[in-house]
Amino acid sequence: MSRAGNRPAPIPEGLLIQLAGRGRMLLMLDYDGTLAPIVSDPAAAWPLPEAREAIVALSSRRGQIELAVISGRGLDELTRLLGIARGIHLVGVHGLESADPEGRREVAPGLDAALGQLERVRRWLHERVPAVAGLALEDKRLAVALHYRNADPARARPIVEEFERFVAREAEHLGIKHGKMVVEAVPRGADKGAAVMRLANRAGADTTPVYFGDDLTDEDAFRALGRRGVTVIVGGTGESAAADRVASPADVAAILRGLAAALERL
């Protein structure tokens, strides 16, 4: 899926602080590439310390702001890396599993057929991937991802394409999602756009939704929110459905830190 839309402008300085002064905010954040820099080893993608500290501070202001971290990662892995299990919403596998601020977990219903087909995909991947250096599997229980960032592109490309064909041919209850040097098989219906709209609708019409994300899967969230909220893409210079842009996770951390300090003064 390609990005589509406008070329986002730099986010206005102090925008989130202004919004916080006007009323409640629902602040939703992607993880990889937004709170944590993209690294060669996905298992070591730790959040920037300033971002994590700001999230902890903001999580104590639930009368003013509701926080959510929304990721393609599984919920257990997201919690391990973020190091936060309470006080914010956590959404994993593109919306298929979630935990509320009290830690109560939910899994999307109706996944039995898809989970059966995921077993077939796992077997296929384990038979083919180990022979190719640099390819890595990530089993999220509700999805299976194939990372190829560290592989020779000439060797990885045919396997990625064969993987996509296999899923399309053998697993009608699964779809393919693309990210930054990763492709995954995931149950149909997993969609960050639907996930952010569930959170926004629960928060209510008097709450301003804000979403930061960097990847192709975040475009679903940008499109879903549209003009209803603030949408910010992290990095890149091309087109996006987001309205605003910041350059890097370090900029996200700075914005979060400034927001936390401002809320202390309100």
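**View 1. Helix α6 lies across part of the sheet.** In this predicted model, α6 (residues 192–203) lies across β2, β3 (65–70), β4 (89–92), β6 and β11. Contact here just means heavy atoms within 4.5 Å. The helix runs at about 160 degrees to β2; axes are lines fitted to C-alpha atoms, for helices over the stretch in contact, and angles run from 0 to 180 degrees between N-to-C directions. Helices (H or I, at least four residues) and strands (E, at least two) are DSSP runs, numbered from the N terminus.

**View 2. Nine strands line up in an open sheet.** Read across, the order is β1-β13-β12-β11-β2-β3-β4-β5-β6, and the pairing is mixed. Two strands count as paired if DSSP finds at least two bridges between them. At the edges you'll find β1 (9–10) and β6 (105–107), each with a single partner strand, so one side of each has no neighbour in the sheet. Elsewhere, β2 (residues 25–29) pairs with β11 (residues 208–213) in the parallel sense, over five bridges. Look for M28: its bridge partner in β11 is Y211.

**View 3. β9 and β10 make a hairpin.** Here β9 (residues 174–179) and β10 (residues 182–187) pair in the antiparallel sense over six bridges. K177 stands opposite E184 in β10. Two residues sit between the strands, and M181 in the turn has a positive phi of about 60 degrees.

**View 4. Helix α1 packs with helix α8.** Two packed helices are described by the angle between their axes and the distance between the axes. For α1 (residues 15–22) and α8 (residues 249–265), that's about 30 degrees and 9 Å. α1 passes α8 in a right-handed crossing (left-handed if the near helix is turned anticlockwise from the far one by less than a right angle, right-handed if clockwise). On the α1 side, L16, I17 and A20 meet I255, G258, L259, A262 and L263 in α8. By class, that contact has seven nonpolar, one polar and no charged residues (Ala, Val, Leu, Ile, Met, Phe, Trp, Tyr, Cys and Pro count as nonpolar, Asp, Glu, Lys and Arg as charged, and the others, Gly among them, as polar).

**View 5. Helix α4 packs with helix α5.** The angle between α4 (residues 112–128) and α5 (residues 153–170) is about 155 degrees, with their axes 11 Å apart. That makes α4 roughly antiparallel to α5 (under 35 degrees is roughly parallel, over 145 roughly antiparallel, 65 to 115 roughly perpendicular and the rest oblique).

**Notes.** Residues are numbered from 1 along each chain as its sequence is written, and side-chain values use heavy atoms, leaving out hydrogens and water. Local features need pLDDT of at least 70, side-chain atom pairs count only at pLDDT 80 or more, and totals for chains, interfaces and linings use all residues.
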